[in-house]
Amino acid sequence: MTFHDKPVSAGGPSQKPAAAAAVALLEAVHRDLAATTLPLALPGTEQARLDIRNSMSQLDDYILPRYRSLDAPLLAVVGGSTGAGKSTLVNALVGHPVTRAGAIRPTTRQPILLHHPADVRWFEDQRVLPSLSRIKGTVVDTPVPAHLAGATPDAASISSMMLLRDPAVPEGIALLDAPDVDSISDDNRKLAGQLLAAADLWVFVTTANRYADAVPWKLLLDAGSRDIMVAVVLDRVPPAAEVEVSTDLRAMLTQEGLGEARLFIVPEVPLDRLGMLPSGAVEPLRLWLKELAATAAGRAEIARRTLNGTVKALGGRVRAAAQAAEEQQHAAQLLGQDARDAYADAVTRILDATKDGALLRGEVLARWQDFVGTGEFFRNLEQNIGRLRDRAGAFFRGEPMPAVKVETAIETGLQAVIIDEAANAAEDTDRRWRSDPAGRQLLCAEDLSGTSPGFADKVAAEIRAWQGALMELISTEGQGKRTQARWLSFGINGLGTALMIVVFSMTAGLTGLEIGVAGGTAVVGQKLLEAVFGEDAVRRLAQKARDDLHTRCQRLLEAEQQRFLGLLETGGQETAAALAGHVNALKLLAEQA
């Protein structure tokens with residue numbers, strides 16, 4: 001993958017990026033980083049989220065714009081610690097005050113970008129640093145610009161960037177005065193980091209008293225990882241300490257892999273009435289910047305170097321993001337399995353309650369006995385199945401209400417079992433999740449320890465639908481000519497009710513007579529159904545009805561468990577795979593650009 005030049009379009013910046021495939025790759029990386037949410041509170045997640053946000057910002061602010069326009073002017077960001085003299089240095093480089101310097105901190109709030117008038121087309125749009133709005137200045141031609149005479153820009157101004165055209169700035173390079181990297185303002189520190197990440201080269205300002213501070217060195221080490229060109233300005237150096245301090249600083253730079261960084265010494269000298277350094281104090285730095293910008297080839301080489309190092313570093317952050325996404329997916333799978341196990345256990349308990357005769361006690365038993373009768377009815381059961389059919393038929397044909405009462409009692413009892421077990425599953429899942437930091441964080445704003453609103457109505461509707469499907473089974477089975485007269489004599493509702501009783505008396509999937517529950521309750525239903533359909537058909541009907549009930553219970557509880565699983569939609573597997581696939585491509589891009 002290599003760079004290929006395209007003609008410069010008239011009136012606007014060149015669209016001269018790396019090959020279209022490189023831009024497409026980087027845009028895909030941006031999309032996949034944006035899709036990486038990392039919702040679970042795992043160790044290292046906060047840092048991973050921050051790195052992802054910073055990577056996306058750098059793609060927007062620097063990498064993509066630079067690939068699309070390698071011949072654009074270099075952007076030199078002037079950064080450093082509080083009070084290091086950045087603004088004073090920028091003023092000295094252009095020979096007059098253009099940016100505010102003072103003792104009140106933070107001084108630099110709004111970034112100020114100075115560029116040659118001929119380079120205005122490169123910066124007036126949102127090509128680089130698109131999140132910062134533009135405030136256009138004019139060509140500087142007065143000793144004290146108007147924007148310095150008034151009040152300091154307020155905090156909201158850090159979301160904008162002032163553009164100043166100044167012929168004192170060499171054509172082909174722009175200077176960006178950034179806020180303090182160790183500012184007392186969080187917003188200023190974040191903005192300084194954003195600006196430095198968008199730089200082609202850094203002009204890093206420190207002082208003889210503070211050159212070993214930790215915060216600046218953290219950023220300098222980041223610059224080293226990106227292979228960015230760095231100039232270090234050692235400001236306000238007493239003449240007597242220049243050799244000792246500069247020697248020590250050079251040794252530190254070499255030790256940290258920044259031995260190639262240029263070091264410029266600005267002596268401690270009085271400022272004039274406008275707060276300006278003598279022009280000679282920064283002349284070596286001014287000449288160095290002018291030389292860097294002198295030729296298009298030289299500028300392109302610096303841009304390539306920084307771009308390659310930045311893409312290489314991006315590859316490392318993308319690899320870390322992929323690993324974080326994989327860890328999220330693994331943690332989500334464990335939490336998800338906890339929920340699935342809890343609800344699967346609940347379904348098992350529901351089915352156990354429906355096949356061991358437990359539902360045939362209490363109200364269901366009473367309504368069933370009202371339905372089929374007692375006493376002589378049971379004594380005649382073993383004597384003549386034909387007489388049983390005739391006697392029961394009178395109940396079924398003439399008194400439909402008792403069958404409905406049995407169905408209602410079954411619905412009520414079954415509904416109570418399902419709701420109770422669903423609540424147990426929710427409580428169990430909630431307990432398991434709250435014992436895990438990641439699960440606890442997901443539940444911090446939600447109480448899912450009970451059933452969802454309206455669940456009882458959904459259960460009742462599903463049970464009625466099951467009862468209706470069971471009646472349909474009876475109707476379909478009774479369409480045969482041989483049995484039609486028999487099932488008509490008993491009625492669909494009566495036979496359906498009997499089938500429910502048989503279903504709820506099946507133990508561990510066995511069929512046949514189940515004696516011992518409510519004094520032979522199941523025997524009655526079993527005998528009635530066998531008299532109409534035969535033993536094999538009854539076995540088949542009961543199993544179909546049980547399977548249908550199992551499916552409906554599963555569906556109800558899966559919908560309930562989805563309240564938990566919906567919180568785990570990390571997209572981790574797909575995102576991790578996509579990001580991992582970008583790592584090698586970014587490595588090749590950095591090597592070949």
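The exercises below work through a predicted model, each with a solution in steps.

**Exercise 1.** Find where Q110 is placed, decide whether Q110 is buried or exposed, and name the side chain that Q110 contacts.

*Solution.* Begin with the chain, where Q110 sits in the loop that runs between α3 (86-94) and β2 (112-115). Next take the relative accessibility of Q110, which is 9%; because buried means under 20% relative accessible area, Q110 counts as buried. Finally, look at the side chain of Q110, which forms a polar contact of 2.9 Å with the side chain of S160.

**Exercise 2.** Describe the largest pocket by its volume, the residues closest to its centre and the helices that line it.

*Solution.* Start with the volume of the largest pocket, which is about 1,200 Å³. Of the 35 residues lining this pocket, L50, N54, K190, G193 and Q194 are the closest to its centre. Then turn to the helices: at least two lining residues come from each of α2 (45-68), α6 (186-197), α7 (214-226) and α10 (296-355), and α2 gives the most, with 10 residues. Sorted by class, the lining holds 15 nonpolar, 11 charged and nine polar residues.

**Exercise 3.** Identify the residues that touch the most other members of the largest nonpolar core, and list what I63 touches.

*Solution.* The largest nonpolar core has 69 residues, and within it L26, I63 and Y67 touch the most other members. For I63, leave out residues up to four places away in sequence, and the residues it touches are L26, Q58, L307, T310, V311 and L314.

How values were computed:
Residues are numbered from 1 along each chain as its sequence is written. This is a predicted model: local features need pLDDT of at least 70, side-chain atom pairs count only at pLDDT 80 or more; totals for chains, interfaces and linings use all residues. Side-chain values use heavy atoms; hydrogens and water are left out. Helices (H or I, at least four residues) and strands (E, at least two) are DSSP runs, numbered from the N terminus. Buried means under 20% relative accessible area, exposed over 50%, partly exposed in between (1.4 Å probe, protein chains only). A polar contact is a pair of N or O atoms within 3.5 Å; within protein, one must be able to donate a hydrogen and the other to accept it, and residues adjacent in sequence count only if both atoms are side-chain atoms. On a 1 Å grid over the protein atoms alone, a cavity is a set of points where a 1.4 Å probe fits but cannot get out, and a pocket is an open set with protein on both sides within 12 Å along at least five of seven lines; lining residues have an atom within 4 Å of a point. Grid points are joined across faces, edges and corners, and a volume is the space filled by probe spheres set on the points. Ala, Val, Leu, Ile, Met, Phe, Trp, Tyr, Cys and Pro count as nonpolar, Asp, Glu, Lys and Arg as charged, and the others, Gly among them, as polar. A nonpolar core is a set of buried Ala, Val, Leu, Ile, Met, Phe, Trp, Tyr and Cys residues joined through side-chain atoms within 4.5 Å. Contact means heavy atoms within 4.5 Å.
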